[in-house]
Amino acid sequence: MRYWLFKSEPNTWSWDQQVANGDAGEEWDGVRNYQARNFMREMQIGDRGFFYHSLKEKSVVGIVEVIAEAHQDSKTDDPRWECVDIKAVEPVPNPVSLDMIKADPRLTEMVLVRNSRLSVQPVTEAEWQIICDMGGL
């Protein structure tokens, strides 16, 4: 299993909306960055990810699971753009803010710290465990 981080603006797609979709999940559509798309191409069913609210909150608020591997993004006819489907697994009891992540010296190499604009990014197993611990999981 691999780990990822999915960033969303809560006014566009929120954790609550993700949860409301239940086991059906949702396409992680609309990504128009080649590096983020390529990360989604690497994902496999069962991989886990952090659901991260960007903008004002800037926090990891939930855990999601990949339920469909990369396929054509239904929001475009352009064959360059693909997406995966994810479903909500559980909320993070104590959301982990970007400031908390940046303050932890063990996370200085995390992609979120070095390239905070990338909407889909890998997370190492060690980073995953640290953030889960910080969030009360």
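Rings of Phe, Tyr and Trp (for Trp, the six-membered ring) pair if their centres lie within 6.5 Å. The legends below refer to a predicted model.

**View 1. Ring pairs link Phe6, Trp15, Trp28 and Phe51 into a cluster.** By the rule above, the count comes to 7 aromatic pairs. One of them joins Trp15 and Phe51 in an edge-to-face arrangement, with 5.4 Å centre to centre and 65 degrees between the planes. Trp15 belongs to helix H1 (residues 15-20) and Phe51 to strand S3, so this pair ties together parts that are 36 residues apart in sequence. Trp15 has a relative accessible area of 8% and is therefore buried, the cut-off being under 20%. Phe51 also counts as buried, at 0% relative accessibility.

**View 2. Phe50 and Trp128 form a stacked aromatic pair.** Planes under 30 degrees apart count as stacked. Because Phe50 lies in strand S3 and Trp128 in helix H5, the pair ties together parts that are 78 residues apart in sequence. Both Phe50 and Trp128 are buried.

**View 3. Helix H5 (residues 125-134) lies across strands of the sheet.** The strands it lies across are S1 (3-8), S3 (48-53), S4, S5 and S6. Relative to S3, helix H5 runs at about 55 degrees.

**View 4. An open sheet is formed by 6 strands.** The strand order is S2-S5-S4-S3-S1-S6, and the pairing is mixed. At the edges are strand S2 (26-27) and strand S6 (120-123), each of which pairs on one side only. Strands of a sheet pair through backbone hydrogen bonds, either parallel or antiparallel.

**View 5. Strands S4 and S5 pair in the antiparallel sense.** Strand S4 covers residues 59-72 and strand S5 residues 82-97. Their pairing extends over 10 bridges. Within this pairing, Gly62 stands opposite Pro91 in S5.

View 6. S6 pairs with S1 in the antiparallel sense, over 4 bridges. Across this pairing, Leu5 stands opposite Gln121 in S6. Helix H5 lies across S6 as well as S1.

Terms used. Residues numbered from 1 in each chain as written. Predicted model: local features only at pLDDT ≥ 70, side-chain atom pairs only at ≥ 80, totals over all residues. Heavy atoms only, no water. Pairing = 2+ DSSP bridges. Helix = DSSP H or I, 4+ residues; strand = E, 2+ residues; numbered from the N terminus. Contact = heavy atoms within 4.5 Å. Axes fitted to C-alpha atoms, helices over the stretch in contact; angles between N-to-C directions. Phe/Tyr/Trp six-rings, centres within 6.5 Å; stacked < 30°, edge-to-face > 60°. Buried < 20%, exposed > 50% of the residue type's maximum accessible area, 1.4 Å probe, protein only.
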